[in-house]
Amino acid sequence: MSADSTLDTGLCIWFPGPRSFTGEDMAELHIHGGSAVIASILQALGSIPGLRMAEAGEFSRRAFDNDKMDLTTLEGVADLINAETEAQRKLAVRQAGGELCEMYEHWRVQMVSLMANIEAYIDFSEEENIDDDVLDNVRRIAASLKEEIANHLNDGRRGEILRSGVSLAIVGPPNSGKSTLLNRLAQRQVAIVSPVAGTTRDIIETTLDIGGYPLVVRDTAGLRHADTDAIEAEGIRRALESAREADMRICLLDATQVLDQQQQSLDDILGTDEWQALLNLPHTFIVLNKADQLNIGASDSARSLASAWAQAHTGSDCVLISCASMFGWDELMRSVAGHIRTSWEQGQGGESLQMPLTKARHRQHLRECLDRLEMFERAGEEWVLAAEELRAASSALGRITGRVGIEDVLDALFSQFCIGK
């Protein structure tokens, strides 16, 4: 390519370090996005001695090495790149903005200060007449830190659930419309729909965006006795196991069996205590399908009848829908999205909650930190041992933010990044 060839017209922006993303001198080329333009410019840049393509996550790694961001912030950037729903995006933005880093560093700095007070008491208490009240204050602050960290750990995994997706299992008797419901939610043919009972044998899973929240939905085998069919029996066992492990459940029943046939009880419909026990689990919705086939039709009167049945037989409310006509669909979507919002994104009163844990790695190190704080309390008047426990607790927090021992974590993290970023 000749030196006087015009490749494109664009914009070059210069970012002098350290006030750049990486902390180093940087230049950005803003060009037109055609594949031929990009290929020709990359080819021209590649001919310059010493210039090469960035490796996956290399810019972020340089930013970390230059103290422009900590490890939790980097993880937030990775989550932001991979976010598929609005809830995931908002959670990633908070973490990428340093919210977790600020909290963990605040705790770590307090622990370092407590260590300094203890070591000052050990080394200089007799010479400098250091008051014993200093140690009482150390105990008080350490107890407060322990309580804060314990409360942070006791978050019901809401951050991890929102990050990876809320798992929802659809369970119920055969031919209640479970596969049709999954297909309606996915807006495509995910599961085979057939009038033959027991068509679904294995668990079928798909990922959806419901009201901005990530949802991993599982269609399961119909719950019934299958003594003569070993394959269906195994499918039912897996269905029950999946329902118990799920974050949420929809128990889907045939409205015509419930409301037209003398309002059958759950004993008549489900038949065993094991299946009925699913309804007692938290985050479980009762949904009556096939409202369009009711004798009184899909109407407000049918909704009232369904609500009265649910209150009488389950002690909770239900949603009446029709997967065929989409009757009640908006109500079901609002109920599911609202429940996710109040259970995993907001407090029960609708208030915004503290930034939650988003990684199992964070949880592991925080538990280690909490264990060390408990050992600090058990050390009693052995202040040398107590100081060592505080040092170990602060090191556990340092491993979360990247202060110590994180090379393996970095290698795994940056492999998830797109090229360059």
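User: Which residues have the most contacts inside the largest nonpolar core?
Analyst: This is a predicted model. Its largest nonpolar core has 63 residues. Ile149, Leu181, Leu185, Leu332, Ile340 and Leu366 have the most contacts inside that core. Helix α5, residues 99-128, gives the largest share, nine residues.

User: What does Leu332 touch, leaving out residues up to four places away in sequence?
Analyst: Leu332 touches Leu181, Ile250, Val287, Val319 and Ile321. There is also a second, separate core of 25 residues. Leu240, Cys251, Leu253 and Leu294 are among them.

User: Why is Trp329 called buried?
Analyst: Buried means under 20% relative accessible area. Trp329 has 11%, so Trp329 is buried.

User: Where is Trp329, and which residues does Trp329 touch?
Analyst: Trp329 is in helix α14, residues 329-345. Not counting residues up to four places away in sequence, Trp329 touches Leu181, Arg184, Leu185, Ile321 and Cys323. Val319 is ten residues from Trp329 in sequence, and the two C-alpha atoms are 9.1 Å apart.

User: What makes β4 and β5 a strand pair?
Analyst: A pair needs at least two bridges. Seven bridges join β4, residues 204-210, to β5, residues 213-219, so the two strands pair. They run antiparallel.

Conventions:
Residues are numbered from 1 along each chain as its sequence is written. This is a predicted model: local features need pLDDT of at least 70, side-chain atom pairs count only at pLDDT 80 or more; totals for chains, interfaces and linings use all residues. Side-chain values use heavy atoms; hydrogens and water are left out. Helices (H or I, at least four residues) and strands (E, at least two) are DSSP runs, numbered from the N terminus. A nonpolar core is a set of buried Ala, Val, Leu, Ile, Met, Phe, Trp, Tyr and Cys residues joined through side-chain atoms within 4.5 Å. Buried means under 20% relative accessible area, exposed over 50%, partly exposed in between (1.4 Å probe, protein chains only). Contact means heavy atoms within 4.5 Å.
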